[in-house]
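Try each task before you read its solution.

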Amino acid sequence: MTDLAHFITGLPKAELHLHIEGSLEPELMFELGQRNRIALPFKSVEEVRAAYSFSNLQDFLDIYYQGAGVLMTEQDFHDLAMAYFKRLAADGGRHSEMFFDPQTHTDRGLPFSVAIDGLLSGMAEAEKTLGITSSLILCFLRHLDEDAAFATLKAAEPYLDRIQGVGLDSSEVGHPPSKFAKVFAAAKSAGLKLVAHAGEEGPPAYVYEALDILHVDRIDHGNRSLEDAALTDRLVKSGMTLTVCPLSNLKLCVVDDLKAHPMKRMLDLGLKVTCNSDDPAYFGGYIGANFLGVAEGLGLSRDDLVTLAKNSFAGSFLDELSINKHLAAIDAYVASAA
Ligand code: HPA
Ligand code: ZN
């Protein structure tokens, strides 16, 4: 391992943009397919990996929803979560605020409880065995209508004390945040935090809508905010956290090369950017690989990497005491690594 990779691995970090269904590795996909007698349209793990070539978000989503079809039981969701947490622990991750897509599962006939009970049990095991804390963010699929989102929020009612917030994912263009104004307002009234994917493929106007109509606490991606100087300035001044995902941006052709990734510009502008994996099984790497990719591609300094790690805790939904404990752990790590 290079010095840089070693430094990144040891750096305490939180992940704020991770779709748990996007951490389904082909090996586990095959194992669950066999366990649940679900035939896959691929003959081997290699064939699955070879199919992971995308030219845009929709290309990826089509194969991502198909892959999630092997998840059938609480045990499957538990195993999925634990496989992710082990990778996170190996990368120096201490905390994760994970997205899950209940509609992907309820639309296949699974009860709402199957996915969430399995995930919650994996999360409890990860805290006990790996010392990793985590929380859940329920994402509404934006290509579906707002009534379907309301039905999902209703199904989540018995679990509201175990759900941190709601988010908005899936096909962005043509499905602006304003389509979900009412259900986000209802989620806020229920005490939930609010986040939304905006400005990944969609225009800066969608980021404005996420801020002004949904009143989000964080923006997921947000890359295209940089096209609008007034918006960028507003994000800097308000200290809004952006959950940026470098390898995802590369694989979905949001950028052509990590050398051209806007992460360095974002840091230099003073945006509260964080570095995350999005759908690591599909995009070629977990959080450590995302840190390393931008560190090498953009020549980020150790100070830049420390800023990314600190932003991940400062922008998390942890309480202040926990945030301060993690920030102090980063300072102690940097002092020991000097
Ligand atoms: N963008 C939008 N929706 C998603 C993504 C993403 O990167 N990953 C999983 N659902
Ligand atoms: Zn995402």
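The exercises below concern a predicted model, and they go from the whole chain to its ligand.

**Exercise 1.** Work out whether the radius of gyration of the chain agrees with that of a compact globule.

*Solution.* Start with the length, which is 338 residues. A compact globule of that length would have a radius of gyration near 20 Å. The chain has 19 Å, so the value agrees with the rule.

**Exercise 2.** Find the residues around ligand 1 and sort them by class.

*Solution.* Begin by listing the shell: His19, Leu57, Phe60, Leu61, Tyr64, Asp169, Ser170, His197, Glu200, His221, Asp278 and Asp279. Next, sort them: 4 are nonpolar, 4 polar and 4 charged. Finally, look for the element that gives the most to this shell; helix H4 (residues 57-67) does, with 4 residues.

**Exercise 3.** Identify polar contacts to nitrogen atoms of ligand 1, using a cut-off of 3.5 Å, and then ask how much of the ligand the protein buries.

*Solution.* Take the side chains to begin with. Then turn to the backbone, where a polar atom of Ser170 lies 2.8 Å from a nitrogen atom of the ligand. As for burial, ligand 1 taken alone exposes 260 Å², and the protein buries 100% of that. To finish, locate the site: ligand 1 sits in the largest cavity.

Technical notes:
Residues are numbered from 1 along each chain as its sequence is written. Chains are lettered from A and ligands numbered from 1 in the order in which they are written. This is a predicted model: local features need pLDDT of at least 70, side-chain atom pairs count only at pLDDT 80 or more; totals for chains, interfaces and linings use all residues. Side-chain values use heavy atoms; hydrogens and water are left out. A residue is near a molecule or strand if one of its heavy atoms lies within 4 Å of it. A polar contact is a pair of N or O atoms within 3.5 Å; within protein, one must be able to donate a hydrogen and the other to accept it, and residues adjacent in sequence count only if both atoms are side-chain atoms. Accessible areas come from the Shrake-Rupley method with a 1.4 Å probe; for residues, only the protein chains shown count as cover. On a 1 Å grid over the protein atoms alone, a cavity is a set of points where a 1.4 Å probe fits but cannot get out, and a pocket is an open set with protein on both sides within 12 Å along at least five of seven lines; lining residues have an atom within 4 Å of a point. A molecule sits in a cavity or pocket if more than half of its atoms lie within 2 Å of its grid points. Helices (H or I, at least four residues) and strands (E, at least two) are DSSP runs, numbered from the N terminus. Ala, Val, Leu, Ile, Met, Phe, Trp, Tyr, Cys and Pro count as nonpolar, Asp, Glu, Lys and Arg as charged, and the others, Gly among them, as polar. The radius of gyration is taken over C-alpha atoms; the globule rule is 2.2 Å times the number of residues to the power 0.38.
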